[in-house]
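The following explanation is meant to be read with the coordinates open beside it. Please have the sequence and the three-dimensional view at hand.

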Number of protein chains: 2
Amino acid sequence: MKIINGSVMAEVIKSRLREENQNKQQCPQLAMILVGETPENKVYAALKEKAAAAVGAKSHSHILPAEIKKNQVLELIDELNSQNTIDGILLQLPLPDKLQPYRDRFLAAIDPKKDVDGFHPENRGLLMGGRPAFKSCAAQAVLNIIEQYSEAKAKKRVLIVGNSFDLCLPLNLMLLQSGYQVLLQPEFEREALLWCDVAVFEKGCAGMINGSFLSLLSRIQLIIDAGFYYQDTKPRGNVDTASLNGYKGALLPVPGGLGPLLIAQLMVNLTAAGERL
Amino acid sequence: MKIINGSVMAEVIKSRLREENQNKQQCPQLAMILVGETPENKVYAALKEKAAAAVGAKSHSHILPAEIKKNQVLELIDELNSQNTIDGILLQLPLPDKLQPYRDRFLAAIDPKKDVDGFHPENRGLLMGGRPAFKSCAAQAVLNIIEQYSEAKAKKRVLIVGNSFDLCLPLNLMLLQSGYQVLLQPEFEREALLWCDVAVFEKGCAGMINGSFLSLLSRIQLIIDAGFYYQDTKPRGNVDTASLNGYKGALLPVPGGLGPLLIAQLMVNLTAAGERL
């Protein structure tokens, strides 16, 4: 098994971006909106802040109380849209339950040209036959790995397990646009493994793919783990790496895989947003 | 083989809509924009006009010369957006080659609430995890047939051949949202038939699926033909119905299948748009 080191790849991307921002003498500015201060929000915000600093960009966190009114969120978005100094705007998801119904309304309020997450409905919609200003960072990161690690992509079959709007569905569209065949399963059915060359697991549970799957993995050349769980305070993914010794393909594992690559991809988008203005 | 009569089903839908519009004492107004007067444009416009009349709605064709400037198209769209009497706006596709690069810009200019084709990028994007004002008529028509003709949809596998933005991609997303598994092939690979329960053929050629496929169709319960070609002045689809005698499932054929259902679905959207205002 070849384990792909997402952390190292992310560092390579970020140092390229750092150089790019230096050469262009630009310092892209990211505004992050956090509604409710959960431990997860804080962790993600800190990671993004650190990545922004690493590429010569800057991020500003706007932390709103969880019980804020929807109009106040919209007002903040409007304000950030109108600020010329802000290149990218990001609304940290998920929102508190009470505001969740307004998610698409908030995302639609962000200027599509500052939508570095690629979540504006228009940017999502342009994944079908158009040219979005930005694409989902997670989906782009996975697509890049697939392009890099699968030989002769023509007619390659990619299995995607899950149907999230931030990864699975945009990835599905981006793969199709690139000429792959895609099998998307909202719920995992294991026999699909016999039919595909690449497998992306988002929906599942910690350690779902383990040694008992070995015989089903003989065709699979690349596994992307896109699950993230905490078990006994340790981060785990859908794939139980340790028990997959006999697997002959490549694996983007959790931790140290998609997480850092996703954030690096956000910095790619932010750097592009910095140029745009 | 059971041949599904799309024409009859379309009539049923339209007479229900006629009643609905009568009961609500409304006459929804559809504005159709045709850029360049091609024979196809004329045929489609006439079919939609006839259907509108049949359901107690009204359609108005705006025929623009093929060499019109893009700003003039945008001006007409703006004008129709602002007219309270217009409930639905439809831009007939494909556009002349010179205007084709502006397709998404034109579609994005249409008020999403009048976008009865469901082609506004925002309405397309909301197919991923959101609630579009309108959905692609062709995709909705196919989804309806699949829901009606496939028993026990849980874990049903649907093969879609093609990656068009107006049918295949939105259908893909709508099926996933409904819990189906979807295998989408930009190019057809026949072994996929052994793995799926329903097959939707858009990309192909006249008569592509013929008697030589019989042994591969034993698992397939429903075929949707979404190809449309003229051969010796006769309309033909991807499926050569006559040679599929031994096939045991159901078929939505061409002609008399998706075509009339798509137009009926447009009238469903138009009627909903009429209520909205």
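The paragraphs below go from the single chain to the pair of chains, and then to individual residues.

This is a predicted model, in which local features need pLDDT of at least 70 and side-chain atom pairs count only at pLDDT 80 or more, whereas totals for chains, interfaces and linings use all residues. Residues are numbered from 1 along each chain as its sequence is written, and chains are lettered from A and ligands numbered from 1 in the order in which they are written.

Chain A contains eight helices and 11 strands; here helices (H or I, at least four residues) and strands (E, at least two) are DSSP runs, numbered from the N terminus. The chain is divided into domain 1 (25-113) and domain 2 (137-259), with bounds that come from an automatic or database domain assignment. The C-alpha centres of these two domains of chain A lie 29 Å apart.

The C-alpha trace of chain A spans about 55 × 45 × 35 Å along its principal axes. Its radius of gyration is 19 Å, which agrees with the value near 19 Å for a compact globule of 277 residues. That quantity is taken over C-alpha atoms, and the globule rule is 2.2 Å times the number of residues to the power 0.38. Of the 277 residues in chain A, 50% are buried. A residue is called buried if 20 or more other C-beta atoms lie within 10 Å of its own, exposed if 12 or fewer do, and partly exposed in between, the C-beta atoms being placed from the backbone. Two residues are in contact if their C-beta atoms, placed from the backbone, lie within 7 Å. Among the contacts in chain A between residues at least 6 apart in sequence, 74% join residues at least 24 apart.

The next topic is the relation between the two chains. Chain A is superposed on chain B by a rotation of 180° with 0.0 Å of shift along its axis, at an RMSD of 0.0 Å. The two copies are thus related as by a two-fold rotation axis. The superposition is by least squares on the C-alpha atoms of residues with pLDDT of at least 70 in both copies. Of the residues of chain A, A:Gly125 comes closest to the rotation axis, with its C-alpha at 1.7 Å. The same surface serves both copies, as 100% of the contact residues of chain A recur in chain B.

The contact takes 28 residues from chain A and 28 residues from chain B. On the side of chain A that touches chain B, α4 (103-109), α5 (121-125), α7 (168-177) and β6 (181-185) each supply at least two residues. By class, this side has 14 nonpolar, nine polar and five charged residues. In this count Ala, Val, Leu, Ile, Met, Phe, Trp, Tyr, Cys and Pro are nonpolar, Asp, Glu, Lys and Arg are charged, and the others, Gly among them, are polar.

Within chain B, helix α6 (residues 137-149) has 13 residues and reaches 18 Å from its first C-alpha to its last, close to the 18 Å expected at 1.5 Å a residue. The expected span is 1.5 Å times one less than the number of residues. Among the buried residues of α6(B) are B:Ala139 and B:Leu143. B:Met174 is found in helix α7 (residues 168-177) of chain B, and it is buried because 20 other C-beta atoms lie within 10 Å. B:Met174 and B:Met128 are 46 residues apart in sequence and 8.4 Å apart in space, C-alpha to C-alpha.

Some loop residues deserve a separate look. B:Glu191, in the loop between β6 (181-185) and β7 (198-201) of chain B, counts as exposed because it has 8 C-beta neighbours inside 10 Å.

Most residues other than glycine have a negative phi, and most peptide bonds are trans. A cis peptide bond, with omega about 0°, joins A:Val254 and A:Pro255, and A:Pro255 lies in the loop between β11 (250-252) and α8 (258-276) of chain A. Another cis peptide bond joins B:Leu93 and B:Pro94, with omega about -5°. A:Asp232 has a positive phi, near 50°, and is exposed, with 5 other C-beta atoms within 10 Å. B:Gln25 likewise has a positive phi of about 50° although it is not a glycine.
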